[in-house]
Amino acid sequence: MSIQTNIELVRKHIPNHVDLVCVSKFHPDEAILDAYNAGERIFGESKVQELSGKYERLPKDIVWHFIGHLQTNKVKYIVDFVQLIHGVDSFKLLSEINKNAEKAGKTINCLLQVYIAQEETKFGFSESELMEVLNSESFKSLKNIRICGLMGMATFTSNKDQIRNEFGQLKTTFDKIKLSFFANDDCFRTISMGMSDDFQIAIEQGSTMVRIGSIIFGNRTY
Ligand SMILES: *Cc1c(COP(=O)(O)O)cnc(C)c1O
């Protein structure tokens, strides 16, 4: 099936209040242009070099999100154009993003990654670590980052109850953090959760942003 058809099918299951990030990592420029021509504007990439190249070559009204594990020494390559960084999982990274953003004279939108999966391989803050960071003076001194919400990934499992539970947990953490730290901050409103295999459960649990790759672009060849 064509990318356009895939998008139409996916879109049928995504309500209007939920943003779709088309995850185009490992797919060529042409695939992105197909999705672009079908009306999509938000694209997610997980490698800095790949993202920079695509940014240079593709239409400038594309909204680029970084969704991967970002290394502190690579922030400088995307700071000029990236519109949202999803997986911020340490204070060190946050402070490095802030430093680069300050140098570039701008503010960078970030989502803090929360660890919800039962998997050692996944990154993110626990809820208490999140509270600790947000309460710290060093966090409050960062003026060039904007925390737009939270991001999480469920365990890679076919157990739907477990996935539902983990996404529910992220929604609960979001509500708690919103109330305690961002009650009067309209920017803090994004819950980025849900991928090809679990986005419908994520939406049911309160996701406001889904990150979908394979069911739009097909399988990736690494
Ligand atoms: C690759 C990736 C996705 C997309 O995964 P699919 O299963 O292909 O939809 C979503 N989020 C993150 C963080 C990813 O790395």
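Tutor: Here is a walk around the ligand site. Keep in mind that this is a predicted model, where local features need pLDDT of at least 70, side-chain atom pairs count only at pLDDT 80 or more, and totals for chains, interfaces and linings use all residues. Numbering starts from 1 along each chain as its sequence is written, and side-chain values use heavy atoms, with hydrogens and water left out.

So, who's around the ligand? With a heavy atom within 4 Å as the cut-off, the shell is Val23, Lys25, Ile67, Met151, Met153, Met195, Ser196, Arg211, Ile212, Gly213, Ser214 and Arg220. Sorted by class, that gives 6 nonpolar, 3 polar and 3 charged residues; Met, Val and Ile count as nonpolar, Lys and Arg as charged, and Gly as polar.

Now the polar contacts, meaning pairs of N or O atoms within 3.5 Å. The side chain of Ser196 puts an N or O atom 2.6 Å from a ligand oxygen. Gly213 uses its backbone instead, with an N or O atom 2.8 Å from an oxygen of the ligand. For Arg220, a polar side-chain atom lies 2.8 Å from a ligand oxygen. On its own the ligand has 390 Å² of accessible area, and the protein covers 90% of that (Shrake-Rupley method, 1.4 Å probe).

Notes
Polar contact = N/O pair within 3.5 Å; in protein donor to acceptor, adjacent residues only side chain to side chain.
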